[in-house]
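Dear colleague,

I am handing over the structure we spoke about, and it is placed just below. After it you will find my notes on what turned up in it, written so that you can follow along in the model.

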Amino acid sequence: GVIFLHTLDPCVAELTWQWLLDHMAPFVTVDDLADGLQAKLEDRAHVRAAKAARANTWEGLLDERDDVQRRISASEDTTDRKRQRIASSEALEGQQKGVVNHVQACASVPASTNAVRRAMVRCTLVLIDMTEAMLQSNSAPPRFEFCVDAVCRFAKTFLAENPLAELALGVLRDGNCKVFSHLTSNCSEFEAQLMKAAADGARGRMSIASGLMRSIRVLEATPEYAAREVLLLFASLSNWDHVEMQIDSVVSLLEEKRVRVSVVALSPEMHILRRICSQTSGSYTVGLDCKHFEKLLDDHVPAPRYGTWQPTPRLVKMGFPKQVDEVAEGPAMCSCHLQTRLRLFICPQCHARICQVPGKCFACQLPLASAPLMARCLRHLNPLPPFALMPDSADKSTSVSCCGCHLPGLLPWQCPTCFGRFCESCNSFMHSSLQQCPGCIERALQPTGA
């Protein structure tokens, strides 16, 4: 039938197809036409059954294939998850080992050597407790004399390590706070005012609120890009504030003005001071003895990290004055102290004579600095990396000398850059004060190809 239709003329085939549909519709189906009209009914039934079986088999194979693929994908997912768990556990173990090795290598390195964003321009007010609590004679040396000497040493170290910083001095006694020295970078002026304040002795009671309010008045006029800090040296066991000075309002004002309060105490901890330091992102420490107290003071020498407040980077106008020797024309007078000097600095903006750098020009208030001082500030931003602890230090103790002191001995530390070996004393000195590796400097100074 189908072959016959395809062999006829298209017009005749169309007429024949229409006749078949009209006369044989009750008896002939599409399957009959596909199987052939001349075939027997039984043969056509077998063919249809075979086709149906083949169709069911194919559908079953498709379903089985999909099922197998789902199982394979599920097993692959499980395997991948297992592999990921194994890889993550191995990575975690590797990180833990790396952390342990790093901690061991950094055992003698201060925590401040981490590369973080720090404040280079610092305005710090040192508040000293000169109340009756300083006169207690339960320690040797006496509290008062020891604290004054410790502050003098701290000021020298602080201004030497932070050339762009300024120090101010405030004294707490008789329930009030008096500022003896405003912000200055001259260590001699700071020490002179400290000795002047100490000459009046220790007396009266403590008022924390008055000291913090005076700190706000001193530091609120500083530039916005500068870090405002208050370092309180505390020895009292009680506090007497005025009725109109509520400590909560003072703390809120400190947070608004971005003033960080830190306390180094000679007495047991007080809750109110702990809360003030916590809310202003400061630190609270208690000295156990004289050496521990000075160590806690030295911890405030490095540039502090920025807390929740991140300043917007901006350009700061600074001047680099020219140093001149007033020998030919005789001594000249500086504009800051009105004293005759043989060596002065000329301000590049107003040409006024300044006797010391760093500082501010007395005439135009331009911050003055020098290239070596700026390079010294970068040590806080790019600290010396920790040295690696080498297990074979005992084997090379006699054959290799230290790259720092050039003495033989135990050399447990190795620089990761120049691979120089150092002793324990040199490693501690380089990471605490020098902040440079002699081996790396010597390697950089060597000519190319040497």
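I begin with Pro-358, which sits in the loop that runs between strand 11 (353-354) and strand 12 (359-360). Please keep in mind throughout that this is a predicted model. The peptide bond leading from Val-357 into Pro-358 is cis, and its omega is near 10°. This deserves a look on your screen, since most peptide bonds are trans and most residues other than glycine have a negative phi.

Ser-281, in the loop between helix 9 (271-279) and strand 6 (284-286), has a positive phi of about 65° although it is not a glycine; with a relative accessible area of 41%, Ser-281 counts as partly exposed. His-406 lies in the loop between strand 14 (388-389) and strand 15 (413-414), and its phi, near 60°, is likewise positive in a residue other than glycine. Is His-406 buried or exposed? His-406 is exposed, its relative accessible area being 55%.

Turning to the protein as a whole, there are 13 helices and 16 strands, and 37% of the 450 residues count as buried. The accessible surface comes to about 26600 Å², with 57% of it belonging to carbon and sulfur atoms. Among contacts between residues at least 6 apart in sequence, 61% join residues that are at least 24 apart.

Two helix pairs may also interest you. The axes of helix 7 (residues 208-219) and helix 8 (residues 247-257) come within 10 Å and cross at roughly 25°, so helix 7 is roughly parallel to helix 8. Their crossing is left-handed. On the side of helix 7, Ile-208, Ala-209, Leu-212, Met-213 and Ile-216 take part, and they meet Ile-247, Val-250, Leu-253, Leu-254 and Lys-257 of helix 8; by class, nine of these residues are nonpolar, none is polar and one is charged.

In the other pair, the axes of helix 5 (residues 143-161) and helix 10 (residues 290-298) come within 10 Å and cross at roughly 35°, and the crossing is right-handed. Helix 5 contributes Phe-146, Ala-150, Arg-153 and Phe-154 to the contact, while helix 10 contributes Cys-290, Phe-293, Glu-294 and Leu-297. Sorted by class, this contact holds six nonpolar, no polar and two charged residues.

Conventions:
Residues numbered from 1 in each chain as written. Predicted model: local features only at pLDDT ≥ 70, side-chain atom pairs only at ≥ 80, totals over all residues. Heavy atoms only, no water. Axes fitted to C-alpha atoms, helices over the stretch in contact; angles between N-to-C directions. Helix = DSSP H or I, 4+ residues; strand = E, 2+ residues; numbered from the N terminus. Left-handed = near helix turned anticlockwise from the far one by under 90°. Contact = heavy atoms within 4.5 Å. Nonpolar A, V, L, I, M, F, W, Y, C, P; charged D, E, K, R; others polar. Buried < 20%, exposed > 50% of the residue type's maximum accessible area, 1.4 Å probe, protein only. Areas by Shrake-Rupley, 256 points an atom, 1.4 Å probe, with all protein chains shown as cover. Parallel < 35°, antiparallel > 145°, perpendicular 65-115°, else oblique.
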